[in-house]
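Student: Please take me through the sheet in this model. I would like a close look at how the strands pair and what surrounds them.

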Amino acid sequence: MTFARADETLCRLRQSRFDNSRDAQMTALATVDLLILDDFALEPMSKEESKDVYQLFLERTGRASMIVTSNRDTAEWLAMFDEVLLAQSAVDRFKNSAYDFVVEGESYRARLKPAIDASTPELGSGGRAFRPGLRDEHHAARDASGCFIDYEASTVR
């Protein structure tokens with residue numbers, strides 16, 4: 001089983017073109033028993049990302065299980081692809097081989113929001129106050145392809 005955010009997965013595939021590991025990356029995604037892609041189609045996809053999603057949906061349809069979460073209806077996914085024909089084919093394959101579960105109501109995240117005690121701020125590197133969700137500018141940046149790189153941990157996000 002593999003769980004990953006869709007944007008991170010597309011970023012890894014984009015990066016894999018530079019080191020010639022794309023085929024291995026796609027094979028790993030296509031052959032895992034269960035692939036869970038979270039937050040799919042939040043942002044428009046590039047031409048290469050559209051091709052990657054099409055290939056992934058093509059490779060997995062009828063062969064392995066996949067769960068895709070999205071804040072958009074599948075009809076809205078078409079507008080997120082750069083290539084209309086690839087979009088129609090990928091979404092058609094997915095919709096016609098999937099069960100559609102729609103969760104309505106208040107977001108569960110509001111219940112998970114932590115209480116903040118203003119008297120004790122957390123300290124980040126260098127003794128500065130740390131606010132959750134912000135990255136330390138001394139250790140992180142986005143590379144030319146838009147992927148987040150954490151230099152301290154040497155990981156791509």
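Tutor: Start with a term: buried means under 20% relative accessible area, exposed means over 50%, and partly exposed lies in between, with a 1.4 Å probe and protein chains only. The model is predicted, so local features need pLDDT of at least 70, side-chain atom pairs count only at pLDDT 80 or more, and totals for chains, interfaces and linings use all residues. Residues are numbered from 1 along each chain as its sequence is written, and side-chain values use heavy atoms, without hydrogens and water.

Helices (H or I, at least four residues) and strands (E, at least two) are DSSP runs, numbered from the N terminus. Two strands pair if DSSP finds at least two bridges between them.

The sheet is open, with 3 strands in the order β1-β2-β3 and parallel pairing. Its edge strands are β1 (2–5) and β3 (65–68), each pairing on one side only. From one strand to the next, the twist averages 15°. Axes are lines fitted to C-alpha atoms, for helices over the stretch in contact, and angles run from 0 to 180 degrees between N-to-C directions.

Now β2, residues 34–38. Of its 5 residues, 4 are buried, so β2 is largely enclosed by the rest of the structure. On the β1 side, 4 bridges join the two strands. Threonine 2 has leucine 35 as its bridge partner. Toward β3, there are also 4 bridges. Isoleucine 36 partners isoleucine 67, and leucine 37 partners valine 68.

Side chains alternate along β3.

Finally, the helix: α1 (residues 6–16) lies across β1 and β2, at about 95° to β1. Contact here means heavy atoms within 4.5 Å.
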